[in-house]
Amino acid sequence: MKVLHFYRTYYPDSFGGVEQVIRQMVTGSSRLGIDAEVLTLTRDKAHLDIEFEGHLVHRAPLNVEIASTGFSWSAFARFKQLAEKADLVHYHFPWPFMDLAHFACQIKKPSVVTYHSDIVRQKYLFKLYQPLQNQFLNRVDRIVATSPNYLETSPTLARFKDKTEVITYGLAQDIYPEPDLACVEQWRTRFPQPFFLFVGMLRYYKGLHVLLEAVSGTQIPVVILGNGPVEIELKQQAQRLGLHNVHFLGALPEQDKVALIKQCYALAFPSHLRSEAFGITLLEAAMFGKPMISCEIGTGTSYVNLHQQTGLVIAPSDPQALRTAMQKLLAHPEQAAQMGIRAAQRYQELFTAERMASKYKQLYERLL
């Protein structure tokens, strides 16, 4: 069985949550005998077709980007050529150019859409795009929501509920590097006290401005791993608040990320808007047995992190509630440790890459 995944960004150009999920889908399904390839866009004009972790990544040159939507004129022909060789096309939503390519190339192969998120921020542009979106989602064979929470709260998915099913994200721990002793010791020396960790792109919906307010006037150590569009703004806020207990590390290699997740006391994940559809970092924390603090925003974050079981779930955009949750975990280390244990158990039961790949293979086989 040959499957073509189609999304606007992918490794090694970009390392976001959706890219990580596609990576896990491809590596997991390859273990089940599925030949999966990826078509994406790139700014690298020199190396268009590469091999990444044993699978082919076909890259079309990015020509223009409008409201986070990449367009590539050469991608139309490349997509049609690769789709003709595939048994099934696996789309990753949202990406309006993908909808255009589907119709322009007259794709007739069985098709699956993983619905990663509603379009939240571009409200006015969405009104223009919505007819094309609805036509595209109506045309594909099957839609996959990534959590039951998101299926219940998405107004778009409500229109297509009869053709939608839930397959949650999954991670394979064995593709994460094991940090060497020097790496572990480096971070242990730098952050000897129990600290809260944030991992991810620094974007508008991550709620990090709330996290900075929450720890203002406290001694609670916070480590922020990642970079992104609001990084300068956040550092300026931290400086205004005089936050000597907040440490911005920027983007670091996977080995350092794993070392920090293993060493942290708990994960702080204050995303406050629906743009945070799931939270891969929550899965990573659960995989390594860490308690979590997240916000109730009606998405998959509250499916991964269950209140009072695997961590604490609080109201969004509430610095006092976040501060209280952090202080509560610090004051009750045994309870926090038990939450981490339950988080690891929930990961093993629901969120392994093997389980995700198996569910998708069953879906592919039904469609074929």
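In what order do the six strands of the open sheet lie? Let's take a friendly walk through this predicted model and find out.

## The open sheet

The order is E13-E12-E11-E14-E15-E16, and the pairing is parallel. Strand E13 (246-250) and strand E16 (311-314) sit at the edges, each pairing on one side only. From one strand to the next, the twist averages 25 degrees.

Alanine 268 has isoleucine 293 of E15 as its bridge partner.

## A helix on the sheet

Helix H13 (residues 319-331) packs on this sheet. The strands that H13 touches are E11 (196-199), E12 (222-225), E14, E15 and E16, and the direction of H13 makes about 165 degrees with that of E16.

## The annotated span

An unreviewed UniProt entry gives residues 192-345 the annotation "domain: Glycosyl transferase family". In the model, this span is 44% helix and 16% strand, and its end C-alpha atoms lie 27 Å apart.

## A cavity to explore

Searching the whole structure turns up one cavity of 30 Å³ or more. The largest cavity holds about 40 Å³ of space, and its lining consists of Lys2, Val3, Leu4, Glu37, Leu82, Lys85 and Ala86.

Strand E1 (2-6) and helix H2 (73-85) each give two or more residues to that lining, with E1 giving the most, three residues. By class, the lining has four nonpolar and three charged residues, but no polar ones.

Definitions and conventions:
Residues are numbered from 1 along each chain as its sequence is written. This is a predicted model: local features need pLDDT of at least 70, side-chain atom pairs count only at pLDDT 80 or more; totals for chains, interfaces and linings use all residues. Side-chain values use heavy atoms; hydrogens and water are left out. Two strands pair if DSSP finds at least two bridges between them. Helices (H or I, at least four residues) and strands (E, at least two) are DSSP runs, numbered from the N terminus. Axes are lines fitted to C-alpha atoms, for helices over the stretch in contact, and angles run from 0 to 180 degrees between N-to-C directions. Contact means heavy atoms within 4.5 Å. UniProt positions are given in the numbering used here, feature names are shortened, and annotations may be inferred rather than shown by experiment. On a 1 Å grid over the protein atoms alone, a cavity is a set of points where a 1.4 Å probe fits but cannot get out, and a pocket is an open set with protein on both sides within 12 Å along at least five of seven lines; lining residues have an atom within 4 Å of a point. Grid points are joined across faces, edges and corners, and a volume is the space filled by probe spheres set on the points. Ala, Val, Leu, Ile, Met, Phe, Trp, Tyr, Cys and Pro count as nonpolar, Asp, Glu, Lys and Arg as charged, and the others, Gly among them, as polar.
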